[in-house]
Amino acid sequence: MRYKIGIYGISGSGKTTLIKNIVKYINDSEFFEGSKVITNLKDIELFKKLPDSQKYKIREEVIDYINSNSTKKYVFVDGHYSFIKEKSFEIAITKTDINFYTHIFYI
């Protein structure tokens with residue numbers, strides 16, 4: 001079985017630091033930084049200006065990319081559930097995310 005673990009939280013909460021330290025000690029593990037995968041697929045500044053529907057589609061492409069390029073037993077991904085957007089929230093998690101992960105932790 002492969003374990004696909006999403007570590008979610010607000011910016012600066014320590015997601016990346018936590019995962020980098022975990023993968024040092026777990027053989028057969030790898031880390032995909034969600035925002036860096038987006039940057040590899042699209043210009044991040046352009047991405048931020050897109051309508052929510054297009055962002056959603058790209059976020060699903062990110063998970064498809066990770067699923068296609070991950071080779072280890074333990075796959076860690078950092079991400080965001082949502083972002084503050086004026087007086088509401090922009091939901092960043094997708095159905096593809098939920099179906100991909102075996103475990104999701106929010107810090």
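In the predicted model, Phe-32 stands opposite Val-77 of strand E3. Strands E2 and E3 run parallel and are joined by 5 bridges. Both belong to an open sheet of 4 strands, in which the order is E2-E3-E1-E6 and the pairing is parallel. The edges of the sheet are formed by E2 and by strand E6 (103-106); each has a single partner strand, so one side of each is left without a neighbour in the sheet. On average, and with direction ignored, neighbouring strands of this sheet are turned by 20° against each other.

Helix H1, residues 15-25, packs on this sheet, where it touches strand E1 (3-8) as well as E2 and E3. The direction of H1 makes about 170° with that of E3. Helix H2 also lies across E2 and E3, and runs at about 65° to E2.

Helix H2 spans residues 34-41, and its buried residues are Gly-34, Val-37 and Ile-38. These residues cover an arc of only 100° around the axis, which puts them on the same side of H2. Lys-36 and Asn-40, on the other side of H2, are exposed.

The axes of the two helices, H2 and H4, come within 10 Å and cross at roughly 100°. An angle of 65 to 115 degrees counts as roughly perpendicular, and H2 and H4 are therefore roughly perpendicular to each other. On the H2 side, the residues that meet H4 are Gly-34, Val-37, Ile-38 and Leu-41. Their counterparts in H4 are Glu-61, Val-62, Tyr-65 and Ile-66. By class, the residues of the contact of H2 with H4 divide into 6 nonpolar, 1 polar and 1 charged.

When residues up to four places away in sequence are not counted, Lys-55 touches Phe-47, Lys-48, Leu-50 and Glu-90.

Notes: Residues numbered from 1 in each chain as written. Predicted model: local features only at pLDDT ≥ 70, side-chain atom pairs only at ≥ 80, totals over all residues. Heavy atoms only, no water. Buried < 20%, exposed > 50% of the residue type's maximum accessible area, 1.4 Å probe, protein only. Arc of directions from axis to C-beta. Contact = heavy atoms within 4.5 Å. Axes fitted to C-alpha atoms, helices over the stretch in contact; angles between N-to-C directions. Parallel < 35°, antiparallel > 145°, perpendicular 65-115°, else oblique. Nonpolar A, V, L, I, M, F, W, Y, C, P; charged D, E, K, R; others polar. Pairing = 2+ DSSP bridges.
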